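This report describes selected features of one structure, shown below. The headings mark the topics in turn.

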Amino acid sequence: MKSKFTTVDIIAMVAELNERLAGMRVVQVYDTDHKTYLFKLQRPEQKAVLLLESGARIHATEYEWPKNPAPSGFSMKLRKHIRNKRLESIRQLGVDRVVDLQFGSGEVAHHVILELYDRGNLVLTDHQYTILNILRPRTDAESVRFASKENYPLDKARLYETRSEQQLREVLSAAKEGDVLKKIINPHLDFGAALIEHLLLEAGFPAQARLGHEFHIEEDMHRLVGAIRAGEAVLRNEQQDFKGIVTYRVERRSAGGQKGGQKGGQKGGSGAGGDAEMVTYQEFHPLLYAQHADQPHHTFLSFTAAVDEFFSKLESQKLDMKAVQQEREALKKLDNVRRDHQRRLEALELAQRDDRWRAELITSNAQLVDGAALVVRSALANQIDWREIGRIVQEAQKRGDPVARSIKALKLETNHITMLLHDPYQEESDEDEEDGSEDGREDAAPPAEKADQSSHIRPMLVDIDLDLSALANATRYFGQKRTAAKKQQKTIESSFKAMKSAEQKTKQTLKEAATIASINKARRVHWFERFLWFISSENYLVLGGRDQQQNEILVRRYLKPGDIYVHGDLHGAASLVVKNPTGAEVPPKTLNEAGSFAVCNSSAWDAKIVTSAWWVHAHQVSKTAPTGEYLTTGSFMVRGKKNYLPPCQLTLGFAVLFKLEESSIERHRGERRVRTVESEDGPRPVPAAEELSSAAGDEDGVREDGVASSQNGEDEKEDSGEKDSEDEKAEKKDDSEEEEKEEKTGSKEEEEKKDSEEEDDKGESEEENEFPDTNVEVKHLKGSKFTVEVTSPTDSRPADNPFPKLPGPKPAAARRGGKKPTGPPPAGKDKKQNCAPPPQPRGKRSKMKRAKEKYKDQDDEEREARMAILQSAGRSQAAVAEEKRQQEQQERQQRQQEQQERRRQQQKARQEAADDEGDDDEVTVPQDCQILEELTGLPVEEDELLYAVPVCAPWSTVLGYKFKVKLTPSAGKKGKAAKTAVQSFLTDKAATPRERDLIKSVRPEDVTRNFPGRVKVVLPQAARAKKK
């Protein structure tokens, strides 16, 4: 399979990219891995992405390639120097596989040089080709150093040299006869093997033309020179009709265990047993070469489109080829089993035939066998030495004794002799007599043996037992033949069972390979899987950073208005974001689960420390540090009140979510929703502030409390002003004697006044808190508020009565400081009628009585004149205080609006900064809820499942899942824990075959990457009992 560019490929690609991309500006630079980079280019109403892979390729791409969350140092260097610059030109350096991209012009120009040979390289230089940064520093064979601050050696680029006919003759003359022609000339040309083969075919030579056979120097030299001149025209870019050609091969995959494959154009052929066809790309070229004209291929309008399609399908093809390889291995094992059983059967059948032939030869030569056995037995009986017996036999053979000539070996240690026996009937010419003598045995023999009887029995070496006669030896061989026949029958029966078992195993292996391949192809890695993540029991997506860099990315890119920021109450915990796309209030259960997840993914897990977490709103999190301070990567400034969560246990759950097909999503709609006590009458979410209130805050929180306390102080001042306003009117013209009388009773009056003020302050402080029922009761029992709002003497007195009506006695319960009633006011009555006049302190009553006596003869005109002198214009101190309080309230609201405006501006500035980096438009988190609805932890039999996604979440979240285990802090390794958990899922009796296949396809690294640290797996009760 082709994987790198050739010189012709570079010529075609440079021509297309110059025509398409020249003049576009660089918007952003990304890296997908350590050697692949993406250049995002743009011009008005046109965008493009240029892909550069060191040592392999360069082309424009239309596909979405994965980008590293944190750009590499080389990417940052490229961004610094070529961002926002225009791509001026793309050129090839000589005929080398090196491409020079120029960004900008003049002294501000920069060059990006891509090397596509060997291991490749990527170099950033200035306008004088001084290296600013290099991907792979090195020193070549000529001691030329490629490193920063060195000059890139442009003079080392090879220029194309035209080969003359004389030079070609010298090259061919130096070669050996029989060498392949294209291998001879390839090192001396810059065409590449594919173009040379095409030129030879076009000139009428075979692809494998050999020197001295299909090619002769004197006769065919002119045709070779013409072919080379055509190749030189391609290198000079005189060929303007470049297009994209991708050749492919069709592989057949059979579920029935039969293997098939084909090359060529039979792409649509139908395979036996429903064979599935698989297309694998082989090569890409800018021209349709002659050797590929008869092969299946795809044609594209441009070469860059062909290369983009070729490399984008490589990953999918690797999965397909892996499945094909597994199928081939399984089929090979099945073939080996078949061949082994076949060899066994053939060996048994051959043993039966040999034993039958030996028995028949002994029967036919019974007299000869008995004579030989008798001679040897006689010698042994006379106690003749074994070596002497051998010499006697040899001497008899030399004399031509027929008995001795038939003896070939003496095996006296086993009491056997080996005799060479012939069929005596083969020398007779009467075949009818031979057939008649064998009729009885042929009728009893099976058809296979009848076929063997028709052929002559060849001479064989037969072992004769000296203790047995000739017929007894024949009987022994017939018995061996019958034993082999029985063994053959048993082997046939067992082989049938073995073959059936092997075929079933092979079919199962093929099925699993096809299933895993289809699952891996369908498996889509979601954008949130690179973070720590889980889906809460109320269908909120919770994300967490794995390290400081991810914490930074998470808050900068994914924390949106309405989201919740959660953090453990200890240093080094992960930053969590609760995605809230609806903007509604997040339920407390989700906040508790997020807090538990934050604590478990912190140092508290390994230390086994139970602690709590806290949460704030998105607008409270900022990257702006206070004056004189600096925030490191992954650190943020939280302003305002922190809402603390209750302490949580260190328990997590490992579970499996399944991706649903579209038709099955509706069946699980509302599976994760907000559940309340009154869920039967309708869901009523409980506000988080009622259950999870907090007490801690930072500088801004203290400032907000200060505003609240100043407001309370103003209310106190207002109340005291109301009490003092009437005293000032009466005491300005009072004499000293009256003051002395008041001083005598001052202590008791001050005590009562102090009690009244404390009760007023208590009522006002309760009024500040947002508890409506309590405020209503306070209003009805405490007098200060009614004096201001409803029953103020200054506001409610008539014009003809300048003094207010004296209040009645204070209620006994209020004087005793008893508990105030908490029930609602009587219904159906007016508020003013229900509210009695406020009780006055005893000292106040005496002052009012004296004032009444003093001003009883004063009319309205005199009162208005006196009030004008006092510069009050008829306004009470309460009205002045009310106006002041309203003014400060307006100022406070204005300050809050200014703070919100500053926060909006900061958020807008962060977004603009992200836009400038070019990353914000790449990060899209739309339709979060739709993604979550496609994942379920409780599949049913009717569901069509696509793939499995492992997840670690708080134990309370996964309690309702079908496959789950509990994780607790321990000293166990993550890999072993993952294997234990997956094995418990696979052995679950409730699991369906499809669910088992999906769980098997999950990679071990995907399982362990979300574990918090060293863990212990707590299996369910049923699985634990089964394991015991």
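## Helices α1 and α7

In this predicted model, Asp9, Ala12, Met13, Glu16 and Arg20 of α1 are in contact (heavy atoms within 4.5 Å) with Phe303, Thr304 and Val307 of α7. The residues of this contact comprise 4 nonpolar, 1 polar and 3 charged; Ala, Val, Leu, Ile, Met, Phe, Trp, Tyr, Cys and Pro count as nonpolar, Asp, Glu, Lys and Arg as charged, and the others, Gly among them, as polar. Helices (H or I, at least four residues) and strands (E, at least two) are DSSP runs, numbered from the N terminus.

Helix α1 covers residues 7–21 and helix α7 residues 303–312; their axes come within 9 Å and cross at roughly 110°. Axes are lines fitted to C-alpha atoms, for helices over the stretch in contact, and angles run from 0 to 180 degrees between N-to-C directions. The two helices α1 and α7 are therefore roughly perpendicular, a term for angles of 65 to 115 degrees, with under 35 roughly parallel, over 145 roughly antiparallel and the rest oblique.

## Basis of the values

Residues are numbered from 1 along each chain as its sequence is written. Local features need pLDDT of at least 70 and side-chain atom pairs count only at pLDDT 80 or more, while totals for chains, interfaces and linings use all residues; side-chain values use heavy atoms, leaving out hydrogens and water.

## Nonpolar cores

A nonpolar core is a set of buried Ala, Val, Leu, Ile, Met, Phe, Trp, Tyr and Cys residues joined through side-chain atoms within 4.5 Å. Buried means under 20% relative accessible area, exposed over 50%, and partly exposed in between (1.4 Å probe, protein chains only). The largest nonpolar core has 81 residues, of which Trp533, Val566, Phe654 and Phe1011 touch the most other members. A second, separate core of 71 residues includes Phe39, Leu50, Met221 and Leu235.

Beyond four places in sequence, the contacts of Phe654 include Pro950, Cys952, Phe985 and Phe1011. Cys952 is buried, at 1% relative accessibility.

## Cysteines

The number of disulfides (pairs of cysteine sulfur atoms within 2.5 Å) is 0. For Cys600, the closest cysteine sulfur is that of Cys648, 5.8 Å away and too far for a bond. Cys600 is buried, with a relative accessible area of 1%.

## Asp355

Asp355 belongs to helix α8, residues 314–364, and is buried at 9% relative accessibility. Not counting residues up to four places away in sequence, Asp355 touches Tyr477, Gln480 and Lys481.
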